[in-house]
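Subject: Structure for your review

Dear colleague,

Please find below the structure I am handing over to you, with its sequence. My findings follow it.

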Amino acid sequence: MDILVQENTLRTFVEQVFETLQVSPENAKLCADNLIVADLRGIHSHGVARLKRYVDGIQTGLMFPQNQPTIERETPSTANVNGNACLGQIVGNFSTKLAIQKAKNTGVGIITAHNSNHYGIAGYYTMQILQENMIGLSMTNSAPLVVPTFGKDMMLGTNPISMAAPTKNKIPFVLDMATSVVPRGKLEVYSRQEKPLPAGWAVDETGCSSSDATHILRNMAETIGGGILPLGGEGELFSGHKGYGLALLVEILTGVLSGGATSNQVYGIKNAPPDVSHIFIALKIENFIDLPTFQTKLDDLIERLQNSQKAQNQDHIYIHGEKEHNLTLQYKQQGIPISDKVYTILKKIAQDLQIQIPF
């Protein structure tokens, strides 16, 4: 059963965890905010449930919290950043601010980054750009969990894409999506509940669709074949090849363009820091159209979509970011839900670091 924890209480605890691990107070606040925002938006797979990943990464020498990103190559509108194996949130924040500044000066800021780590939800960075009344885009490659269309080996990450755009009166457009059918966490839920997977979610060691979540997860852990399918599912009938193409697009714009690792080489060397790559793009709207005109046109587009005819038994058409916006308002008022499993993990982190858990 979930417990509800007030945002500030949870935020203070997570900050303390990072500071105990020698993360500077400023960066501890940044990293905590990244996780809390994910939870507030209902993306609990990337919220405080991920805290142990960063604790383990720092303690095992895979993440170096005191390192800082550096610029390797730069023009007035672009840059390539070396993350120097520090926390992905630090790299993401540095790169996003750089993209915003360049967009203010030139109209566009495009920043690639490599030698980084997991950076949380992609939408965290596009929403920073959104606050400047710009269009923001961000993508990252990640650990290989996804098989290419007609393949059977995990070769691509869930490789998310985020885009955010400012509105005038409507809730801002914030797309934040993986390029896979589902994340691994969904398979874990089905495995615990001993439920069969829907057709087209994952394949076994033969490369054929399987409904046995436990078997597929075991295969993935032992890398003996099989994995999650690209957005669209198995084969080409439901356009799985398009999801595969989107994942590859992310791989090209992040790992290839930055000079970082790609595909199954992102986490390619055991007990060595990964080489995760990102891209951040900020577009100054006034270089294309007046900002009020853009916002009014986007509001109009959203309103026409939402006022269009609803399917049977449906009463609302959602715009990307709307559900997450509403959840944020709800959780800020009532508290963030923490599952029993996540609470157990957080309690163990607190015990190991000899700090108090305040909930």
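A disulfide is taken here as a pair of cysteine sulfur atoms within 2.5 Å. By that criterion, a search of the whole structure, which is a predicted model, finds zero disulfides. For C31, the closest cysteine sulfur belongs to C86 and is 8.8 Å away, which is too far for a bond. C31 counts as buried because its relative accessibility is 1%. C208, in contrast, is partly exposed, with a relative accessible area of 42%.

C31 is also one of the contacts of F18. Leaving aside neighbours within four places in sequence, F18 is in contact with V23, A28, C31, A32, L35, L51 and Y54.

F18 has a place in the largest nonpolar core, which has 58 residues. The residues with the most contacts inside this core are F13, V17, F18, L51 and L346. Helix α2 supplies the largest share of the core, namely nine residues. In soluble globular proteins, nonpolar side chains tend to be buried together.

L51 leads on to helix α3, which spans residues 51-59. Within α3, the buried residues are L51, Y54, V55, G57 and I58. They lie on the same side of α3, because they cover an arc of only 165° around the axis. An α-helix has 3.6 residues a turn, so residues three or four places apart point the same way. The elements that cover the buried residues of α3 include α1 (7-20), α2 (25-40), α4 (88-106) and α11 (340-353). Just after α3, G61 adopts a positive phi of about 75°.

Yours sincerely

Note on methods:
Residues are numbered from 1 along each chain as its sequence is written. This is a predicted model: local features need pLDDT of at least 70, side-chain atom pairs count only at pLDDT 80 or more; totals for chains, interfaces and linings use all residues. Side-chain values use heavy atoms; hydrogens and water are left out. Buried means under 20% relative accessible area, exposed over 50%, partly exposed in between (1.4 Å probe, protein chains only). Helices (H or I, at least four residues) and strands (E, at least two) are DSSP runs, numbered from the N terminus. The arc is that of the directions from the helix axis to the C-beta atoms. Contact means heavy atoms within 4.5 Å. A nonpolar core is a set of buried Ala, Val, Leu, Ile, Met, Phe, Trp, Tyr and Cys residues joined through side-chain atoms within 4.5 Å.
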